[in-house]
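Please look over the sequence and structure below. The points that follow are notes for a first reading.

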Amino acid sequence: MTILYDEGQQAIATESRRVLEARVSKDALLPLLEATGEYHRPFWDTAKEQGWTALALPESEGGLGLGLVELGLIAHQAGRSISGAPFLTSSFGAAKAIELFGSDVQKARWLPGLASGELIGAIAFSAGPDVLPGRPDVTFASDRLDGTARGVSGGLAADVAIVLANGPDAPVLALVELAGVQRSAVASFDNSRLIADLDLSGAPAETLAVGDAARDAALHILALQAVVTAHEQTGGAEVLMEIARDYALTRRAFGQPIGAFQSVKHRIAELYGLVELARANCVHAAACEGAADFITAAAAARLSATEAYDTAARDCIQIHGGIGVTWEIGLHLHMRRARSLAIEQGSSLFWEDVLVDRLAGEAA
Amino acid sequence: MSDLEAYRAKAAAWLASMAPTFGRDARKGLSEADDLALGRRYQKAKFDAGYAGINWPVEYGGQGLGHLEKVTFDAEEMKHGFPSFYFGISLGMPVPVLMQFGSDKEFVKERVLKALQGEEIWCQLFSEPSGGSDLAGLRTKAEPDGNGWKINGQKVWTSWAHYSDYGVIVVRTDPNVPKHKGLTYFWVDMKAPGVTVRPIKLAGGDSHVNEVFFDDVKITDDHRMSPVGGGFAVAIATLMIERYVATDSAGFGPHLDLFVELAKEVQLNGRPAIEDGRIRQQIARNHAMRSGLDSINVRARLMMQAGMIPGPEGSLNKLVAVRSRQKLSELAIDLQGSDGFLFDEHASQKEDWASSWINAPTGRIAGGSDETLLNTIAEKVLGLPQDHRPDKGIPFNQIPA
């Protein structure tokens, strides 16, 4: 697939940006930080109404039959406006797991709802710092799970989760309905991510993949989500660069705009470089979904996007001086989101190893 | 296969057939004089095979093809280590500017054909001791002299001036107006009386750049390539000619694969360095940066193919790639420990870490320093203000020293 956006793709970018800029504001997002278990419902309603939930799923399952490139464009705009819910990514990841590894019955049961957005999906692979644990905390035996899945983004609202569990002989990728599952909210620095610990003790679960296939499947789902998230991070970094630029043009000190000082303007020019490298890696990764080097491309996108968003959050606040650290100006929304997105889908430490294993020819 | 892919395949095959005669291995151990002679023969071979002046007009001996074919050929050519760099500046800027702005068409055509066949080399006389980034602040002057002009002053960092037959030069013809308005653009005969070329030995040991002195060098007015006082615009046109040249995400240093190979061979604390987190992080970061630049370059090519103008992000390549190469080269030397002392001043910057390292500062300064490139991005792309400029709008001869 080409990395040049066609007219339809450009229209997706323009229209999603228009809608989100009209409907999402920091005034709505700030109070969510101090409320546990709340997310910005107008964002999710918009995602459903606009068909973004169905975008990258196959038409046979109620989707629109587009792919990562298009979903990436939406995620980029969602990142610009600090999207109010994690499900754009996690429902997509869960749906892809079911589409790629599920039975016809499982697909029929879950995909139409995930595509319409009426159902919400979550991904529970990691155990703390271990992104794809060899021996997950959650165990699987006799079609039931046991143990707690920690720190699951979207877990408070999800209807279904894809879990990496420790089976009797080998890891298992399992599907679990969350209707009867106890969840406890994790008080987080970014509360609208709806992060939860899921107490899966005794929950009935179905197998999607076993053994090495389960690990490979989990990595593939993680990489798909990482590419979506990388677009979101790049969008956040891009808007921070613009905010920093605009502020540097208007704020004056020592008789001139602060953007005339090289210590400030070079910092913003460096952000431009980070944003463009991340964008280029994102487009490349999205366009090579299904290709042999997809994992490598996803890792590169993820690494450069995480660096871009973290750095942009740091520098944009620094360039604002005192006003930058106030609650009201809301730059900390980005700073918080930059970090929560840096952890979701595996941190840079994880993706560096994934990448180097492949570059050094040591891939499993 | 697209037309462009067919073109690439044909060029690649021709280049491969030339490699035994002119490539990296054929050049090993040659003196610079012999290497230049080989380079001239290679340039002639390119001309005869239809790979010289690829995107130049047919009437000037070019092939009349597009910029894409040119970039495609260059990217393939880079793989073999041919001695083509002696002609890189000559055919990259001065000669195209001569085609565009030279007044005597017969003379221009003769020069262009000789340059394309490697018989004559042109240099570009822009930078001066008083400043490189501040081009319009130059001090070399040309005064009216009979029907022509008399040039006095000094240029510096002039690549290949010691082999050049001709040069293009920007000089000050009027110090009484603001600095951009008092410049005029000429061509000069580098063998003319009063022109003295003195090579500068660089930190890495080679001497491809020069000081060039002009002492009462007399030229006729038909050497003039701009209106009197209109030289700055032609100078900028010169620098804009090759905005999307074939780029190298390795920053003209070694490929990352070579670093990975080194890390697999070397032991750190009794384990392969490739297992060390510090080394792994640098490999991953460098790969992500280079793959981003590669993707930017591919997109630029696709845009040109589709008749669109590529975005300004292409300007990131040199800034980002060369300084990363500098640090990676330091780390590669660290990895080798006491084996890293070894230095071969004739080694290739693209294959040898010490050579890459010692020449990296040149890369970060030549052709726009990191700081100048950051200013350009900030001002031209992001619309940020210029720095405080006390020389603005003031006649050149009243600028505070």
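1. The contact between the chains draws 33 residues from chain A and 35 residues from chain B, where two residues are in contact if their C-beta atoms, placed from the backbone, lie within 7 Å. This is a predicted model, in which local features need pLDDT of at least 70, side-chain atom pairs count only at pLDDT 80 or more, and totals for chains, interfaces and linings use all residues. Residues are numbered from 1 along each chain as its sequence is written, while chains are lettered from A and ligands numbered from 1 in the order in which they are written.

2. On the side of chain A that touches chain B, at least two residues each come from α7, β11 (256–257), α8 (262–287), α9 and α11 (348–359) of chain A. Helices (H or I, at least four residues) and strands (E, at least two) are DSSP runs, numbered from the N terminus. The largest share of this side, 14 residues, is supplied by α8(A). By class the side has 19 nonpolar, nine polar and five charged residues; Ala, Val, Leu, Ile, Met, Phe, Trp, Tyr, Cys and Pro count as nonpolar, Asp, Glu, Lys and Arg as charged, and the others, Gly among them, as polar.

3. Helix α9(A) has 27 residues and spans 38 Å from its first C-alpha to its last, close to the 39 Å expected at 1.5 Å a residue (1.5 Å times one less than the number of residues). Of its 27 residues, 22 are buried, so α9(A) is largely enclosed by the rest of the structure. A residue is buried if 20 or more other C-beta atoms lie within 10 Å of its own, exposed if 12 or fewer, and partly exposed in between, with C-beta atoms placed from the backbone. Just after α9(A), A:Gly321 has a positive phi of about 65°.

4. Helix α7 (residues 212–250) of chain A packs on α9 (residues 294–320) of chain A at an angle of about 25°, the axes being 7 Å apart. Axes are lines fitted to C-alpha atoms, for helices over the stretch in contact, and angles run from 0 to 180 degrees between N-to-C directions. That angle makes α7(A) roughly parallel to α9(A); angles under 35 degrees count as roughly parallel, over 145 as roughly antiparallel, 65 to 115 as roughly perpendicular and the rest as oblique. The residues of this contact are 23 nonpolar, five polar and two charged.

5. What is the angle between α9(A) and helix α10 (residues 331–343) of chain A? They pack at about 160°, with axes 9 Å apart, and are therefore roughly antiparallel. In α9(A), residues including A:Tyr309, A:Ala313 and A:Ile317 meet a set in α10(A) that includes A:Leu331, A:Met335 and A:Ala338. This contact divides into nine nonpolar, three polar and one charged.

6. The buried residues of α11(A) include A:Phe350, A:Trp351 and A:Leu355. They pack against α9 and α10 of chain A together with α9 (256–265) and α10 (277–305) of chain B. Just after α11(A), A:Gly361 takes a positive phi of about 75°.

7. Two further residues deserve a check. A:Ile82, not a glycine, has a positive phi of about 55°; A:Ile82 lies in the loop between α4 (68–80) and α5 (87–101) of chain A and is buried, with 25 other C-beta atoms within 10 Å. B:Phe252, also not a glycine, has a positive phi of about 60°. B:Phe252 is in the loop between α8 (231–240) and α9 of chain B and counts as partly exposed, with 19 C-beta neighbours inside 10 Å.
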